[in-house]
Amino acid sequence: MSFILRRIATTKTGKQIVRDQPLDGDTITLGRDSGNAIHVADLAVNPQHATIASADGRHVRVTAQAGLGFDLNGRTLDVADIDSAAGAELRFGGHRLTIAREGEDIVLLVERIDELSQSSKDVDETRAFSLAGVLPGKRVGAWTFALLMLLAFLVGPIWAWHSYRGVDERPQGFHADQAWLSGPLSSAHANLKGDCQSCHVEPFVAVTDRACVGCHTGEHKAMSQAHADAPPAMLLAARAPPGVGGRVLAGFAHAFNKPPGRCVDCHSEHEGAGPMPATPQKFCADCHDGMAARLKAAGFKATVADAADFGTGHPEFRPLVRAAPGAKPGRAALGQGAVADYGGLKFPHDLHLQANGGVARMAASFRGRYDFGKKLECANCHRPEADGVRIAPVEMERDCAMCHSLAFESVGGVTRTLRHGEPDQVVADLYAYYRSTPPARPLQLGGMERRRPGGYAEGQVYNIYFRERAARPARAADAVRAVFSKGGACYDCHTVVPPAAGQGWQVEAVHQTPRFLGKGWFDHDAHKETACADCHTTAPRSKQASDLLVPGLSQCRDCHVGESGARLAKVETATASPCAMCHEYHGDGGKPWVPARQRRKPVIAITGAQTRALYSVAWRAPGAGGG
Amino acid sequence: MASLFSGKILRRRARATQTERVRERRHEGFLRYAGFRWAKISGGLCLLVIVSYALIDVQPRPNGGSWYGYTLGTVGALLILWLTALGYRKRRMTRDYWSLKAWTSAHVYLGLSLIVIGTWHTGFQLGWNVHTLAWALMMLVILSGLYGVIVYATLPAALSNNRDQMTQMQMLEAIRAFDRQLHAAAQPLGAADTAPVLAALEEDPFAGGIRARLTGRYPRCATAAAQRALAAATGGEAEARAKVVALLTQKQAALARLRAHLRLRALLEVWLYVHVPLTFALIAALSAHVISVFFYW
């Protein structure tokens, strides 16, 4: 028996040349060192790596010398006994030692099976030199990302919608379709953030009015009464024929199933947190710009004038006035000469607002007692309503009586005044007064000293006094006549009708119009930083109470310009004014709705200014003032 | 008639080929293609969008849901789909219609114009939702593409300098040659000295993750470690060791060249691993964005 070392070389043509070399001895050595019987030029093999020995010529014992072992059947061993008839494959570094038996010989086949180095291995050039080897493929990434996106942002939201179909209100918490929220909801609807379906009921159907009135059951349920009463043909005729762009947009809106005229046309949502924005001007001007001509052409009667933009195209105001004493209120056209409004009072504004003269002097004399200055101001007589929007009607007792006193007697320190607004009562009170009170008692009748007789003679003090006393009740008629006649307390301010058959003294009814501009909303409170006379320019020159002092359009336009700043004349501090600033569409009587950030802060609360209380009217003894 | 027609086409084609030749001679790249034709078109488009956005007063505020927003959105979405089609176009060899260079030029410049079209479509209203997600993905895709354009314009020169007229396989072959020499030269060394050499041989020149590829830094390089270890080692076989150390130094230089090459290639390629997957993510998000608008109409 002997060991045969077999080496196989491969020629360039691929032909294999097998060389067998018999090895002497029972024990042969294997290692990197050239002195070994089996010389393995492999750095992974020790210089003296192993011995291979066979005692019986069949069984082989392989023993590793030191340190590195060898691999047999996947395990690293130091010693192995091998039956050469069964054969085995051992691994030393990058080489394979195959032990086999051929006849009586044990054949040892040594081959390099591993590449010399890692770099010697075959590489796929395109893959190895690119990033393909170190990053997941682009295609994998593309599919993964795309699927994730579709799952999270398409399937998820639709599933959320589907699972709450027909449910009145979704539970709080996260719902996948919140990822579709196109912008924050207005503060009024902020709690609907998680409940898309509260408005978007059906898929691919634009939000309907039904979704709105589902909650808005009271106010704003329908469109404006004025518009709802108009026949649809009239509403259609009022609309301006759309231009090319408008027709294109309408075509798109139709094609994509977005019907016009819904609540959301004006009340747009998802425009950002905070209050919902005011309706833009164009929603009004679409019809009201040039509407009269269109209505006329369509055979309808135009009841309102055209309006396009407050700065450039707005009709003159038509305040509610009584054109003649006792007439019914009607709309007057401003800007065409003086307009008279007969309310039944006599009141010269110019006299009361004069810087000098009797009124100013009287007002100045009351300084300290009332909130008067050196002269009378508008606010001394005109008081705003509690909400500050309008000016309250003037009340005689509160606003006039501090000067125009109706006091006539003081009983035990209590002042008695004539009953304002009740002429019959005035008459009765005066009669009672003259009946129950004696004339002023002459001084000579006082005291306890004895008087000489003769005092009753004609022209003497007793005679005069007692005759006067006897006649006193009859003087009442004169006093009544005086009060109601020129120079009397009533006559100064009121139109008095003398007694006729069957009735006594009559005072013409007084009408104070609480709101001159019924269709527009004017808020005095919002203008409190402006002096009254800046707008009511004619007041300081007005001689008659019948002069209408309501400002016209031009006064408003001193500050207010169109929504986008359009104006006819130069304006110093311009306030952009869309229709909705003064006009209320739904017509439910309220103030036009304004976003909170545009609302004015209540200045009173900041400055602590006090509103005026009732004027207290005190009796002034006629004797003190000499009258 | 037919022959006249085909003759016309032939002449036109001949003229086009002539123009193409001139361009080839001038080495006109996709960036300056046809005298920056697509740059001008794209710039004009951006200007048109910016000016019209300023002039058109959308009430109550600029919004993707206004008619102007829908117009920009439609243009943007179609543009995205067409830009994606470059992947299809470049795989299709054709002599007709546009050259790939023209297509790429248009892809780059129209893609950049999407920054304006897409952003102005939002009306500058961004939030945590699918709509903004689509916008953000679009911006990432555009920015990665912009990076790609910049590296395509700047890195090839560095790549060319580094390879020094060698092919990639020649670079690898040089390393293989040093490995063989190292293997032979290290045979006389003892076990302690062989281990680092063996580690250097076992080192895969293409090893290292994306980080190593992009930075070109390999702090645990076995070849460098072996060189250090053997240079510091003492003991017998000093002559053989000196030879091995010299070979290791040479191998290091060859490795450095290969690694610099790999780094430049990684820098040239990495943007596509963002650009392409995010494009498809974008198209998915865009679909969700469009469907969501109509679903909750």
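Here is a friendly conversation about a predicted model with chains A and B.

Visitor: What makes chain B more spread out than a compact globule?

Guide: Start with its secondary structure, which comes to 11 helices and 0 strands. The globule rule gives 19 Å for 297 residues, and the radius of gyration of chain B is 28 Å, well over that value, so chain B is more spread out than a compact globule. Its C-alpha atoms fill a box of roughly 90 × 60 × 30 Å along the principal axes.

Visitor: How does chain A stand against the globule rule?

Guide: For 627 residues a compact globule would have a radius of gyration near 25 Å, but chain A has 56 Å. The C-alpha trace of chain A spans about 195 × 75 × 50 Å along its principal axes. As for secondary structure, chain A comes to 18 helices and 20 strands.

Visitor: Why is B:Leu248 called buried?

Guide: Here we count the other C-beta atoms within 10 Å of its own, and 20 or more makes a residue buried. B:Leu248 has 28 of them, so B:Leu248 is buried. You will find this residue in helix α11 of chain B. Leaving aside residues up to four places away in sequence, B:Leu248 touches B:Leu182, B:Ala200, B:Thr223, B:Ala226, B:Gln227 and B:Leu230.

Visitor: What share of each chain is buried?

Guide: In chain B, buried residues make up 33% of the 297 residues. In chain A, they make up 17% of the 627 residues.

Visitor: Why are α3(B) and α5(B) called roughly antiparallel?

Guide: The axes of helix α3 (residues 67-84) and helix α5 (residues 100-122) of chain B cross at roughly 150 degrees, coming within 9 Å. Angles over 145 degrees count as roughly antiparallel, and that makes α3(B) roughly antiparallel to α5(B). The crossing is left-handed. Among the residues making the contact are B:Gly69, B:Gly73 and B:Gly76 of α3(B), along with B:Gly111, B:Leu114 and B:Gly118 of α5(B).

Visitor: How do you know which parts of chain B are listed as a "transmembrane region"?

Guide: That comes from UniProt, in an unreviewed entry, which places the feature at residues 35-55, 67-88, 100-121, 133-159 and 270-296 of chain B. In the model, residues 133-159 of chain B are 100% helix, with end C-alpha atoms 36 Å apart. Residues 270-296 of chain B are 96% helix, and their end C-alpha atoms lie 39 Å apart.

Visitor: Which residues of chain A does UniProt list for that feature?

Guide: For chain A, the unreviewed entry lists residues 140-161. This stretch of chain A is 100% helix and 0% strand, and its end C-alpha atoms are 30 Å apart.

Visitor: How do the two chains touch, and what makes α11(B) stand out there?

Guide: In the model, 58 residues of chain B are in contact with 48 residues of chain A. The elements of chain B that give two or more residues to this side are α6 (130-163), α7 (168-185), α8 (191-202), α9 (210-215) and α11 (238-295). The largest share, 21 residues, comes from α11(B).

Definitions and conventions
Residues are numbered from 1 along each chain as its sequence is written. Chains are lettered from A and ligands numbered from 1 in the order in which they are written. This is a predicted model: local features need pLDDT of at least 70, side-chain atom pairs count only at pLDDT 80 or more; totals for chains, interfaces and linings use all residues. Helices (H or I, at least four residues) and strands (E, at least two) are DSSP runs, numbered from the N terminus. The radius of gyration is taken over C-alpha atoms; the globule rule is 2.2 Å times the number of residues to the power 0.38. A residue is buried if 20 or more other C-beta atoms lie within 10 Å of its own, exposed if 12 or fewer, and partly exposed in between; C-beta atoms are placed from the backbone. UniProt positions are given in the numbering used here, feature names are shortened, and annotations may be inferred rather than shown by experiment. Axes are lines fitted to C-alpha atoms, for helices over the stretch in contact, and angles run from 0 to 180 degrees between N-to-C directions. Angles under 35 degrees count as roughly parallel, over 145 as roughly antiparallel, 65 to 115 as roughly perpendicular and the rest as oblique. A crossing is left-handed if the near helix is turned anticlockwise from the far one by less than a right angle, and right-handed if clockwise. Two residues are in contact if their C-beta atoms, placed from the backbone, lie within 7 Å.
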